[in-house]
Amino acid sequence: MSGLRVLVGVKRVVDYAVKIRVVGGKVETANVKHSMNPFDEIAIEEAVRLKEKKVASEVIALTVGPAKSQETLRTALAMGADKAIHIETAEGQDVQPLQVAKLFKAIIQKESPGLVILGKQAIDDDAGQTGQLLAGLLNWPQGTFASKIEFTDAAKKILVTREIDGGLETLKAPLPAIVTADLRLNEPRYATLPNIMKAKKKPLEKLTPSDLGVDLAPSIETLSIAEPAKRAGGKKVESVDELISKLKNEAGVI
Amino acid sequence: MYRTVCSSLYQARLAANRSVINLSIPKNYKSTLVLIEHKNGKLSSSSFNAVTAASQFGFPVTALIASSPSTAAAIATQTAAIAGVSKVVVAKSDVYAHDLAEMIAPLVVETTKAGGFTHIIAAHTAFGKNVLPRAAAVCDASPISDVIQIEGVDTFKRPIYAGNAIAQVKSKDPVKFITIRTTAFPAAAASGGSAVSEDSTVAAAQPLAQWVSEEVAKSDRPELASAKIVIGGGRGMKSGENFKMLYDLADKLGGTVGASRAAVDAGFVGNDLQIGQTGKIIAPELYIAVGISGAIQHLAGMKDSKTIVAINKDPEAPIFQVSDYGLVADLFKAIPELTEKISK
């Protein structure tokens, strides 16, 4: 089977290992290391594996964000995506999941992929909405929090195993469909230097939200951002007996 | 199609009410719909937290149940008894049997339209996260995820950057689709309510997807994300076999076991147990970190726990900075001793 085109959404976020700082009511993102959202790496990896298994014919990486998001697309290309689309927004512009889903919908109508894979959530806004919003806008089936993807019925349908509270479940849906990747789906590869070099020559199309006729005005306004309350930790106990006594009598948790 | 109907209906409704009553919020146009989560004929614990959150708006709370006909009556009875629920709407159909978002989201949309609800609440569980944004998209609304505090009818607090910052957000959508963090809202009382129950008039949507099978963990232990007591093991556990010690302690306490990424990467346990920024975010009553140094990625997943205990042989481990009680000791001696001495 061939001919399945896979669209993968990727986002440039502050690297997961960075301890973020809240300065003046904002999360400081200038001069902070950014990288591809970890769940999106898993999404790209899955799409590239589908291509390697000859299930998919083409992998398209798509991002919405400022000029620097191109680095993220180059990473996706180096991991094995065939081409990339960058919907460029102004630096610092707040683009919310609903608007991202509308932009994705516009691209999907142009590119008509048979499968769209996104990460289950971005580690910056932690919304976990874009895949479901997109599925709702398109009225396509959704396989969220996927830990396994297979194809069945002469490649016309997808079998998605999902991580649900307390276990796993498997759904079957006709293509086209939306899948969001969970941590267990796969182990993403590292881009090798030759592939990073090759990625520089792969096509990268640039568009703007107005090219796609999408209004980015958000309906959710961020009033303030603050640091969470600090924990007053640091007390030490001398023995297991003292620990049990404190948990029983002071904390009342056992 | 839904989108236009949804938003124009609300705008008209809001405008009509505003013209009648100025200043004070007219009670009759605001009402809250809470989506009930259930499994095998029993309400999920998250449903009780969701009702508490829904009640905080101060408007009448209607509970929506989507269920297969076989369990609908039992679920409706349990829901009607929850304190704070004033009405129960029951949608019975075989297509609702497996919580498919493709079937339940249209039901939420149609129920919202018909009832004029302004706030749609679900718990931020695998179920709520799956269904609610899909319904919101159809109504052209931006959902608000993982809310930890309701400050007003349109203002909420939610964690971002894995809990390292708290954003205060204001929704301008006429209908607000909200998932709430269960650990941030107490459970509503399971009895004391006397809601009226009625059958939904919404026709079930055409199935888009099909449920095939499930593998539910057969453990009697509570699920990691909602467990009241969690024992987390880290690199210091040294091997997967040694996690048995933690399971023994968890069983004694009625809790469950999780792990740091280091323990997962070392192959001690599967990554479904991972607590942290890219794993599960938990906030139990008691978290016991065993052989975990306390890297920021791990702290992001557990620092909202009510009481944190750290057991580590390194007195300089960062975990001691956030733990309420720290014990500097060899875990291989301390854990068996703790298990033996704790009596329930």
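Residues are numbered from 1 along each chain as its sequence is written. In this predicted model, side-chain atom pairs count only at pLDDT 80 or more, while interface totals use all residues.

**Exercise 1.** Work out how many residues of chain A and chain B take part in the contact, and what area is buried.

*Solution.* Start with contact, which means heavy atoms within 4.5 Å. Chain A brings 78 residues and chain B brings 85 residues. Next comes buried area, the accessible area (1.4 Å probe) that two parts lose on being put together, summed over both. For chain A and chain B that is about 6,900 Å², with 56% from carbon and sulfur atoms. In chain A, the residues losing the most area to chain B are A:Asp165, A:Arg231 and A:Val240, together 10% of what that side buries.

**Exercise 2.** Find the salt bridges across the interface of chain A and chain B.

*Solution.* Look for a side-chain nitrogen of Lys or Arg within 4 Å of a carboxyl oxygen of Asp or Glu. The rule finds three salt bridges between chain A and chain B. One of them joins the side chains of A:Asp241 and B:Lys341, at 3.1 Å from N to O.

**Exercise 3.** Classify the ring pair of B:Phe57 and B:Phe156.

*Solution.* Rings of Phe, Tyr and Trp (its six-membered ring) pair if their centres lie within 6.5 Å; planes under 30 degrees apart are stacked, over 60 edge-to-face and the rest tilted. Over all chains, the structure holds two aromatic pairs. The centres of B:Phe57 and B:Phe156 are 6.2 Å apart and the planes stand at 70°, so this pair is edge-to-face.

Methods: Chains are lettered from A and ligands numbered from 1 in the order in which they are written. Side-chain values use heavy atoms; hydrogens and water are left out.
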